[in-house]
Amino acid sequence: MATPAGSNPPRPRGRNVLTRIRSGQTTGRGLSRGTQIPDALLMERDKRARWQGIPVLLKRLYESSHPNSDMTQIHSFVKELSSLLSMEAMSIVTEERKTPQESTFPNTYTFDLFGGVDLLVEILMRPTLTTQKDVPKMSDDLVKDCLSVLYNCCICTDGVTKSLASRDDFILFLFTLMSNKKTFLQTATLIEDILGVRKEMIQLEDIPNLAGLVQSFNQQQLANFCRILSVTISEPDVGVDDKHTLLARNAQQRANAGPSRAEVNQVALLNIPGFVERLCKLATRKVSEASGTSSFLQELEDWHTWLDNALVLDALMQIASDEAEQSSTESSDESSLAASPLGHRLPQSMKIVHEIMYKVEVLYVLCVMLMGRQRNQVHRMLAEFRLIPGLNNLFDKLIWRKNTSSHVLHGQNQNCDCSPEISFKIQFLRLLQSFSDHHENKYLLLNSQELNELSAISLKANIPEVEALVNTDRNLVCDGKKGLLTRLISVMKKEPAESSFRFWQARAVESFLRGATSYADQVFLLKRGLLEHILFCIIDSGCKSHDVLQSYFDLLGELMKFNLDAFKRFNKYVNTDEKFQIFFNQINSSLVDSNMLVRCIVLTLDRFESQTEDMRVVEVLSECCLLSYMARVENRLSFLFRLINIINVQTLTQENVSCLNTSLVVLMLARRRGKLPFYLNALREKEYAEKYPGGLLNNFHNLLRFWQHHYLNKDKDSTCLENSSCIPFTYWKETVAVLLGSDRTCPYAIASYIDEAYMDLDRDF
């Protein structure tokens, strides 16, 4: 409503002032900062609006902050503001409030609304923006207090973190502050929070003197820096997780043809002299355990609810210390933590907790780099700096010193809020999986005696040793009575039935077997009772977890493939119809989970049937219930129908694309034996029996078109297919091409088996 001429405008209420400021910040017109409001109005509305004097304090701070201002006066204002905001931030830590709201944190909201965040950024960056020479220097304490206030605002007020994340200049400026040991913790905490919400990944190369900065860090700082690095070297979740479709992933890869920012950042780190070596030292250094730490694991469970990162632990370590140079980190918040009922325990076992949390971050960075484009370079470095022997020496005393309680199983790219002990074990197992997967350095997980055992197995079987085993540098392998792989199998067999660590353990062991099938590797693990343990878990333990079952089926497939001894052992364990039925019920409960084992059985059956001059093979073929079941063509066809039916191009993911490849294996082996037309005709008959003509074959045709699109440009994937099946990739390509043939008179072409009325072969993906 317009104000009548000659009359005074109505006095704005406190809420109207806030609305006008927020509108000005959004539109750029009118009020945009609380400092533009007259003192009298601010003070008048302060009590009614419960602003706690924050707008007036900000106005004083604004007026006193200029290039030649008195830093002592500025610091006094910042301290006063900090005391008003700190308790709100503390409630986030102690009460685990996850959704900041204005009503919950009114002081922080008011501080941000009246321009406090922008003003502190301006104060911090001013020395870098002025050309004046004799500008008063900001004290370390002032910088720390400014950073703490900004961090409090980030965790209490929606939008502040995103606003700071959009400012490249401020982020790069923050990295320069990390060179100062006294401001390192506060800076690292704030950077981690900001980068966590930033949409576009920063380029590490843009950080001024990155190499010099990283080399200036002590080991403690470097470990904390890894928390920040994890955000800069990991690919964004979208399109990377197994649950995202391959169509979406391929589209994303086409849109980003060159190296991603994460890959460029990994290269930048690898180019820093001594970086990987220092990470290996951090990952493998021993912890000097103080006496009386028997309750360590229980303390971890108590602590992890409020000590959620290594930076908080650093602050507590500094409080617990009597060293004068560390006392500067003390604040009212940290003092209250130190005075808590747990405070008396901190000096006793804090080092162990601290070290575990450091190692989680370091192992994560090493794991990501092992999975990147520079994998071979990273592998050479990790071998040279003896990462694996170092972890082996820590295994019993730190990594797996005791079984921990069960936890919720997280995906590879999901954030984990588990206790430090659990996170450490998972990160360790992920690293082993990445290290062993399709790489000749996997034999570094053994010690010299175990390498000799592999050689003896090959000699006894009269087969040549694997080249990678022969080339393994004995100076870089594990020492001690057991290698890391053997230690892992020992704890795996003792793992409680309900533990989801089983998933990661099985994945780590399976990665050792992946690649070209090695008889000696299989026998090495069979001799340690691994097959019987897996069968117990699948048949007798009552395991219901799809993830755990999938990992055991995959491991069982790698362990048994083409191995007579393994099938004999299987038959000895699965010695009743009841056990066999339970086993197949587990397989049938989810073919997505079990299809790799089905592929193993089909491939092994095909090979054994071509070796019937060997009486041992004939004996196994006749006695093994598993092979006998798969030898019946109706059972193979049943698997083929279901494998094709549970997937389509739109739902293909990294997790279920194996179903397509398994169905292809069945048909390639049929083609070798001249039975491909029989199988294709069986698919046609199945369609008509289900009263859905064209359904299976049209879907399979589209799947194979996608297969060509997906695999013919990927060297790594084609190598994996060839190694895992012992079928040359050229035969894979030929079989797909034959099946996709357009000649409807050809008995090997899918099109020949679809009636014209039901044909839908050229659907756009």
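**Close-up views of a predicted model**

**View 1. The second largest pocket and its lining.** The lining of the second largest pocket comprises 16 nonpolar, 13 polar and twelve charged residues (Ala, Val, Leu, Ile, Met, Phe, Trp, Tyr, Cys and Pro count as nonpolar, Asp, Glu, Lys and Arg as charged, the others, Gly among them, as polar). The model is predicted: local features need pLDDT of at least 70 and side-chain atom pairs pLDDT 80 or more, while totals for chains, interfaces and linings use all residues. Residues are numbered from 1 along each chain as its sequence is written, and side-chain values use heavy atoms, without hydrogens and water. Of the 41 lining residues, Ala516, Thr517, Ser518, Tyr519 and Ala520 lie nearest the centre of the pocket. Elements giving two or more residues to this lining include H26, H27 and helix H30 (564-573) (helices, H or I, at least four residues, are DSSP runs numbered from the N terminus).

**View 2. Helices H26 and H27.** The axes of helix H26 (residues 501-513) and helix H27 (residues 519-526) cross at roughly 145 degrees and come within 9 Å (axes are lines fitted to C-alpha atoms over the stretch in contact, with angles from 0 to 180 degrees between N-to-C directions). Val509, Phe512 and Leu513 of H26 meet Asp521, Gln522 and Leu525 of H27 in this contact (heavy atoms within 4.5 Å). Four of the contact residues are nonpolar, one is polar and one is charged.

**View 3. Gln586 in helix H31.** Gln586 belongs to helix H31 (residues 577-589). Gln586 is buried, at a relative accessible area of 15% (buried is under 20%, exposed over 50%, partly exposed in between, with a 1.4 Å probe and protein chains only). Leaving aside neighbours within four places in sequence, Gln586 is in contact with Ile538, Cys543, Leu549 and Phe553.

Terms used. On a 1 Å grid over the protein atoms alone, a cavity is a set of points where a 1.4 Å probe fits but cannot get out, and a pocket is an open set with protein on both sides within 12 Å along at least five of seven lines; lining residues have an atom within 4 Å of a point.
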